[in-house]
Amino acid sequence: MKIVAQYDFNGGKSAVFSKYSKEFGEITRAIGAIDASLYKTKESTEKTMLGRMLYSPVELNDAFKRELGSQGWRSHKVQCEYTFGEYLAGYIAPKTTKSKPFRDMDFIKPDKKLGIEVQFGKYAFMVYNVCAKMTIFNKMGIIDTGIEIVPVKALAEHMSTGVSYFEQFAWDLSHRGVSNIDIPVLILGIDA
């Protein structure tokens, strides 16, 4: 795979290249080491592309885990305690036995404050990663800069319908503008 596009959100490009140039080199090498053709394994069951072989987001994510993991990048999980707000009078919350809720960042270097998210999903997840999750991890003192890795349209066209892409995401961020709570994020568009 290769990086074919970049979008600088809130000074993300400058922050990455000035503070994390070594780590950016690791990310570039990891992306380059992934042979996307090995992950065109998902047979579509969608009406509009029935039987067509598509890239598997799950397998692509696993490839990123292997490549970045071999260079010391790890997922970072934070447990959540939902104690904010209040239930209204008369409502009794049901007891749950499910595992504790958490938030996680796909990749963080243990001694660095650079967070990476790889997103081959719906548009809402891209926006959430940059405009909410990275802000939360920053406020917790875990990261100060982010990188979001997403497919460009040419790659997304070979994935299931609904997968968002770099061009759409960059357009929306440019028209949204920057808030005072946003952190510097470099958006990377990748292709096979």
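Mentor: Let us start with burial: a residue counts as buried under 20% relative accessible area, as exposed over 50%, and as partly exposed in between, using a 1.4 Å probe and protein chains only. Keep in mind that this is a predicted model, in which local features need pLDDT of at least 70 and side-chain atom pairs count only at pLDDT 80 or more, while totals for chains, interfaces and linings use all residues. Residues are numbered from 1 along each chain as its sequence is written, and side-chain values use heavy atoms, with hydrogens and water left out.

Trainee: What makes the pairing of E26 and K109 a salt bridge?

Mentor: A salt bridge needs a side-chain nitrogen of Lys or Arg within 4 Å of a carboxyl oxygen of Asp or Glu, and the N to O distance between the side chains of E26 and K109 is 2.7 Å. The two partners come from distant parts of the chain, 83 residues apart, with E26 in helix α2 and K109 in the loop between β5 (102–108) and β6. Helices (H or I, at least four residues) and strands (E, at least two) are DSSP runs, numbered from the N terminus. K109 has a relative accessible area of 9% and is therefore buried.

Trainee: How many salt bridges does the whole structure hold, and what does the one between K19 and D144 tie together?

Mentor: A search of the whole structure finds 8. The side chains of K19 and D144 meet at 3.4 Å, N to O, and because K19 lies in helix α1 (residues 12–19) and D144 in the loop between α4 (123–139) and β7, this pair ties together parts 125 residues apart in sequence. K19, at 44% relative accessibility, counts as partly exposed, and D144, at 23%, also counts as partly exposed.

Trainee: How do you know that α1 and α2 are roughly perpendicular?

Mentor: They pack at an angle of about 100 degrees, with their axes 5 Å apart. Axes are lines fitted to C-alpha atoms, for helices over the stretch in contact, and angles run from 0 to 180 degrees between N-to-C directions. Angles under 35 degrees count as roughly parallel, over 145 as roughly antiparallel, 65 to 115 as roughly perpendicular and the rest as oblique, so α1 and α2 are roughly perpendicular to each other. Where they touch, V16, F17 and K19 in α1 meet S21, E23 and F24 in α2, contact meaning heavy atoms within 4.5 Å.

Trainee: What makes a group of residues a nonpolar core?

Mentor: Such a core is a set of buried Ala, Val, Leu, Ile, Met, Phe, Trp, Tyr and Cys residues joined through side-chain atoms within 4.5 Å. The largest one here has 30 residues, and those with the most contacts inside it are M1, I27, F64, I116, I147 and I149. Elements that give two or more residues to this core include α2 (21–33), α3 (57–69) and β7 (145–151). Apart from it lies another core, of 21 residues, among them V130, M134, F137 and I187.
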